[in-house]
Amino acid sequence: MKCPLCGYEFKENKSAAACKGCKLSRYCTMIKCPNCGYEMPAKPRVVKLLRMLRGEKNGNK
Ligand SMILES: [Zn+2]
C-alpha cells in the first residue's frame, strides 16, 4: 500500500515490523508507514475503498 503522507509504498506486513514493541499491536487496526511512521486505519472497508480509488485513478490515466 502507499503512505498517504509521504507516498512511500510498502507491504502491509512490513507495517507490523514498524509496530513492533507496541503492546497494543495485537489489537491495533492501524497500519504504520515504515518510512515516516505515519499511522493510518487498516480496516478492510478502508482497504477496499483505497483499492477502488486506486482503480479509478488507473482507469483515468
Ligand atoms: Zn509515510
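Let's start with one side chain: Tyr-8 has a relative accessibility of 32%, so it counts as partly exposed. In this scale, buried means under 20% relative accessible area, exposed means over 50%, and partly exposed lies in between, using a 1.4 Å probe and protein chains only. Phe-10, at 6% relative accessibility, counts as buried.

A word on the ground rules. This is a predicted model, in which local features need pLDDT of at least 70 and side-chain atom pairs count only at pLDDT 80 or more, while totals for chains, interfaces and linings use all residues. Residues are numbered from 1 along each chain as its sequence is written, and side-chain values use heavy atoms, with hydrogens and water left out.

**The aromatic pair**

A search of the whole structure turns up one aromatic pair. It is formed by Tyr-8 and Phe-10, whose ring centres are 6.1 Å apart and whose planes meet at 15°, so the pair is stacked. For rings of Phe, Tyr and Trp (its six-membered ring), pairing requires centres within 6.5 Å; planes under 30 degrees apart count as stacked, over 60 as edge-to-face, and the rest as tilted.

**The overall layout**

The protein chain has two helices and two strands, and along the sequence they follow the pattern α-β-β-α. Helices (H or I, at least four residues) and strands (E, at least two) are DSSP runs, numbered from the N terminus. Of the 61 residues in the protein chain, 15% are buried. The accessible surface of the chain comes to about 5200 Å², and 54% of that belongs to carbon and sulfur atoms. Such areas come from the Shrake-Rupley method with a 1.4 Å probe, and for residues only the protein chains shown count as cover.

**The zinc site**

Which residues hold the zinc ion as protein donors? They are Cys-3, Cys-6, Cys-33 and Cys-36, each through its SG atom, at 2.2 to 2.4 Å from the ion. Donors are N, O and S atoms within 2.8 Å of the metal (3.2 Å for Na, K and Ca); water is not among the atoms, so sites may look incomplete. The four donor atoms subtend angles of 103 to 114° around the zinc ion, which makes the arrangement tetrahedral.

In sequence, the donor residues are spaced C-x2-C-x26-C-x2-C. Cys-3 sits in the segment before α1 (12–18) and Cys-33 in the loop between β1 (30–32) and β2 (39–41), so this pair ties together parts that are 30 residues apart in sequence.

Both Cys-3 and Cys-33 are buried. Cys-36, found in the loop between β1 and β2, is partly exposed at 37% relative accessibility. Leaving aside neighbours within four places in sequence, Cys-36 is in contact (heavy atoms within 4.5 Å) with Cys-3, Leu-5 and Cys-6.

**The nonpolar core**

In soluble globular proteins, nonpolar side chains tend to be buried together. Here the largest nonpolar core has six residues: Met-1, Cys-3, Phe-10, Ile-31, Cys-33 and Met-40. A nonpolar core is a set of buried Ala, Val, Leu, Ile, Met, Phe, Trp, Tyr and Cys residues joined through side-chain atoms within 4.5 Å.

**Pairs across the sequence**

| Pair | Apart along the chain | C-alpha separation |
|---|---|---|
| Pro-34 and Lys-11 | 23 residues | 9.6 Å |
| Glu-12 and Lys-32 | 20 residues | 8.5 Å |
| Cys-36 and Cys-6 | 30 residues | 6.9 Å |

Pro-34 lies in the loop between β1 and β2, whereas Glu-12 belongs to helix α1.

How values were computed: Four donors count as tetrahedral if all angles lie between 85 and 135 degrees; four count as square planar and six as octahedral if opposite donors are over 155 degrees apart and all others between 65 and 115; anything else is irregular.
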